[in-house]
Amino acid sequence: MKHILLVISLLILVTESFSQNIFGTCKFKDGDSVYLASISRGGLVPIDSCLVKNGKFSLKDQVEATVIRAVLIIENKMPVAGTEVVVEKGVDLTINFKDNTIEIPNSKSNAVWRELTNFEENQTKKIESYWTVMGDSTKTIEEKLKAKFAIDSITNATYSKYAQVIYDNIPSNISGMLLGQYHSNLSESDLTKILEAMKKKSPKDPYYQALTKRMEIEAQTSVGQPFKEVAMVDINGNMTRLSTVVKANKLVLIDFWASWCAPCIAEMPNVRKIYAAYHAKGLEIYGISLDENQINWLSAIQRLGINWIHVSDLKGWQSKAAQDYSIQSIPSTLLIDSTGKIIAKNLRGADLEKKIAEILK
């Protein structure tokens, strides 16, 4: 149920960063290494390191907003202890590694985070037995329905807990970070309540500002809205505008993808089949890659045999098109009709083919 990476996607650039110290004590021997790392899409990325001396260590961090970091103690090239910590801008932190416990005194944010993650772990344990029932071919439909009801009930209780913790801690650094992490799990009423409270009490919180900005963009690119222009270089080095493609075709499928995206690659045979069936009837595909490596991008196009329009600015998730359309995951699709209006979003598989067939029958 954890969504640490959602926080990353919501962070906005700010002009000022803040430096803080992370002090610690432990019972490990002198010379053992301590690492501070950020949590990224690719795993842990080292930020700082030091050696244990007299049972103490000291690390430095610099953040633009409240984030989750990992602190690891390495002995003989193997991790022997570690923890997630909440690092707040401009706030020094103390971590005490004891025999079987980890203490982070005088940090309300870390206390809230630990309470919530412990709650999550307990909820996950409750769900495990019901998932076993769902996957057991010997169970009856009635038994599986009961298990599904239990899973939904536990999940909804978890999401309600997220909302309550966020709301109860407004204003604070941790409330904004938790909003960034869990907003997609919240009910519409809970999210509205939280945003209204943050607008009054913490309008400058970077996560609140990023989320409201993203919601504005999503509203501008919702079904029924006109498409936003995209102008990027294609595989031949030519600038290719989306508006030109829209004018020349009855229907345009914008397909956000990347060569490193396994679900995208898995979907390509279906997209290729749709293109073969409907291109002559007025369908064009405008593929926007979130690749950063040009060779990987071009090689994937050739290997997959996807011979439609492909463009990219090779900026990955920082792609202007991805930001303009508030793309949070891929594959992601939009259908644009001949008038330039967005008529469908995020259709895949049979649903995508059915929609295109309805329009180009």
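**From single residues to the whole chain**

Leaving out residues up to four places away in sequence, Phe119 touches Ala157, Thr158 and Lys161, where contact means heavy atoms within 4.5 Å. The model is a predicted one, in which local features need pLDDT of at least 70 and side-chain atom pairs count only at pLDDT 80 or more, while totals for chains, interfaces and linings use all residues. Residues are numbered from 1 along each chain as its sequence is written, and side-chain values use heavy atoms, with hydrogens and water left out.

Phe119 is found in helix α2, residues 108-134; helices (H or I, at least four residues) and strands (E, at least two) are DSSP runs, numbered from the N terminus. With a relative accessible area of 23%, Phe119 is partly exposed; buried means under 20%, exposed over 50% and partly exposed in between, with a 1.4 Å probe and protein chains only. Tyr162 is 43 residues from Phe119 along the chain, and their C-alpha atoms are separated by 9.9 Å.

Asn169 has its place in the loop between α3 (141-168) and α4 (173-182). Its relative accessible area is 10%, so Asn169 is buried. A polar atom of the Asn169 side chain lies 2.8 Å from the backbone oxygen of Val165. Beyond residues up to four places away in sequence, Asn169 touches Lys108, Val112, Ile174 and Ser175.

Helix α6 comes next. At 1.5 Å a residue, its 15 residues (206-220) should span 21 Å, and the end C-alpha atoms are 21 Å apart, which agrees; the expected span is 1.5 Å times one less than the number of residues. Asp205 caps the N-terminal end of α6, with a side-chain oxygen 2.8 Å from the backbone nitrogen of Tyr207. Buried residues in α6 are Pro206, Tyr207, Tyr208, Ala210, Leu211, Arg214 and Ile217.

Another part of the chain is built around strand β12, residues 283-289, in which 7 of 7 residues are buried. Leu283, Ile285, Gly287 and Ser289 point one way from β12, whereas Glu284, Tyr286 and Ile288 point the other way. Strand β11 (residues 251-257) runs parallel to β12 and is joined to it by 7 bridges; two strands pair if DSSP finds at least two bridges between them. The bridge partner of Val252 in β12 is Glu284. Together β11, helix α8 (residues 262-278) and β12 make a right-handed β-α-β unit; right-handed means that, with the strands pointing away from the viewer, the path from the first strand over the helix to the second runs clockwise. Strand β13 (residues 309-311) is also parallel to β12, joined by 3 bridges, and the partner of Gly287 in β13 is His310. From β12 the chain crosses through helix α9 (residues 294-304) to β13, and this β-α-β crossover is right-handed.

The largest nonpolar core has 46 residues, of which Leu242, Phe256, Trp257, Ile288, Tyr325 and Ile356 touch the most other members. Such a core is a set of buried Ala, Val, Leu, Ile, Met, Phe, Trp, Tyr and Cys residues joined through side-chain atoms within 4.5 Å. Apart from this core lies another, of 45 residues, among them Phe57, Leu59, Val165 and Ala197.

Finally, the chain as a whole contains 11 helices and 15 strands. Of its 361 residues, 45% count as buried. Among contacts with a separation of 6 or more, 65% are between residues 24 or more positions apart.

How values were computed:
A polar contact is a pair of N or O atoms within 3.5 Å; within protein, one must be able to donate a hydrogen and the other to accept it, and residues adjacent in sequence count only if both atoms are side-chain atoms.
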